[in-house]
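The sequence and the model are shown first.

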Amino acid sequence: MGDIALAAKALLSGELVAFPTETVYGLGADAENEKAVSRIYSVKGRPTNHPLIIHVASLDQVSFFAKDIPDYALALAKRYWPGPMTLILPRTENSRDFLTGGQESVGVRIPNHPLALDLLRKFAFLGGHGIAAPSANRFGQVSPTTAKAVIDEIGKQLGEKDLILEGGISEVGIESTIVDCTRENPKILRPGFITAEMIELTTGKQMSVVDSSLRASGSLPSHYAPKALVVLDSEPMAGDGLIAKAETKTPAGVIRLASPSSDEEFAHLLYSSLRAADELNLARVVVQTPEGTGIAIAIRDRLEKASRGR
Ligand code: TXA
Ligand code: MG
């Protein structure tokens, strides 16, 4: 049996499998196995009232977990799945309280990564319905975009029979756009690669653009944060790490961590650069945030949260 078939079998036997997606790596469990799902929370150190996203192989499988799907959500699913977008939909009774935190809605996504799709299809072939998976990091930490980062985050917490699948560097690099589809008009709960403009174009519905940098800083707990202090849009000093667009020069004594030449590359490199800062034991990382709309909104959202400190 190949690695992926073994992993699908392991999931059905109640083990955890960390797997790559195009956004970040996920820590997966059979979405119908309460014991396995509860282990996700203990491995992550995550409060159990935070609901999980269910990953599925096809639109057919979505209706196992979600019902009363509005037309605009179907349009989004057909346009952007497989892809970096999670839809929040009214749940069926198959979406149990241990997945949704007792909410009447459920988050569902078809990821766009060949290995993840292969795993989901083999899991479905064996009779599984969906894989519940949060990002494969300890609660509040930076999401992993490589298998090595998964090992660094949760390797010690995993059991002997749990698996980590190697699938290279996540292409998008930041978590999926979360769209609340339980209302008249779609609403972005977490910005990502799929932008408000794209959603408006596909659905023909107006929506509000969420930009967390507009919210009062410090009103939410820190998230996506490395050990190093993350400082936004100030002058780096000697000994600091620097993440900035390619055109920004590196001052003397400053350690350049990334020089992306586009916003997409910025997102792709962001988390691995923050991890590199910790590996170098840097006390501070200065990030020159990208301006404007598109995926820059999602990058600023994550950086705002990372900069709130511990
Ligand atoms: O890109 C991603 O979405 C990655 C990959 C692995 O798919 N997953 C991910 O999962 O980022 P997680 O658990 O780290 O973040 C999911 C977020 C949480 O903040 C959770 O509160 C929210 O989605 N969420 C899940 N179900 C929800 C629901 N029914 N209503 C509102 N928010 C929900
Ligand atoms: Mg997460």
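Lys-122 is partly exposed, at a relative accessible area of 32%; here buried means under 20% relative accessible area, exposed over 50% and partly exposed in between, with a 1.4 Å probe and protein chains only. The model is predicted, so local features need pLDDT of at least 70 and side-chain atom pairs count only at pLDDT 80 or more, while totals for chains, interfaces and linings use all residues. Residues are numbered from 1 along each chain as its sequence is written, chains are lettered from A and ligands numbered from 1 in the order in which they are written, and side-chain values use heavy atoms, with hydrogens and water left out.

## Salt bridges

The side chain of Lys-122 joins that of Asp-118 in a salt bridge, at 2.8 Å from N to O. The term denotes a side-chain nitrogen of Lys or Arg within 4 Å of a carboxyl oxygen of Asp or Glu. Both residues belong to helix α6 (residues 114–125), and because they are four residues apart, about one helical turn separates them. Helices (H or I, at least four residues) and strands (E, at least two) are DSSP runs, numbered from the N terminus. Asp-118 is partly exposed as well, with 26% relative accessibility.

A salt bridge of 3.0 Å, N to O, connects the side chains of Arg-109 and Glu-22. This pair links distant parts of the chain, 87 residues apart: Arg-109 is in strand β5 (residues 105–109), and Glu-22 is in the loop between β1 (17–19) and β2 (26–30). Arg-109 is buried at 2% relative accessibility, and Glu-22 is buried at 5%.

Arg-284 and Asp-240 also form a salt bridge, their closest N and O atoms being 2.7 Å apart. Arg-284 lies in strand β13 (residues 284–287) and Asp-240 in the loop between β10 (229–232) and β11 (241–243), so the bridge ties together parts 44 residues apart in sequence. Asp-240 is buried, at 5% relative accessibility.

A network of salt bridges links Glu-175, Asp-301, Arg-302 and Lys-305. The count of salt bridges comes to 15.

## Helix contacts

Axes are lines fitted to C-alpha atoms, for helices over the stretch in contact, and angles run from 0 to 180 degrees between N-to-C directions.

| Helix pair | Angle | Axis distance |
|---|---|---|
| α4 (residues 71–80) and α8 (residues 196–203) | about 115° | 9 Å |
| α9 (residues 263–279) and α10 (residues 295–306) | roughly 25° | within 9 Å |
| α1 (residues 3–12) and α6 | about 55° | 9 Å |

Angles under 35 degrees count as roughly parallel, over 145 as roughly antiparallel, 65 to 115 as roughly perpendicular and the rest as oblique. Helices α1 and α6 are therefore oblique to each other. Their contact (heavy atoms within 4.5 Å) involves Ile-4, Ala-5, Ala-7, Ala-8, Leu-11 and Leu-12 of α1 with Leu-115, Asp-118, Leu-119, Lys-122 and Phe-123 of α6. By class, this contact of α1 with α6 has nine nonpolar, no polar and two charged residues. Ala, Val, Leu, Ile, Met, Phe, Trp, Tyr, Cys and Pro count as nonpolar, Asp, Glu, Lys and Arg as charged, and the others, Gly among them, as polar.

In the contact between α4 and α8, Tyr-72, Ala-75, Leu-76, Arg-79 and Tyr-80 of α4 meet Met-198, Ile-199, Thr-202 and Thr-203 of α8. The residues of this contact comprise six nonpolar, two polar and one charged.
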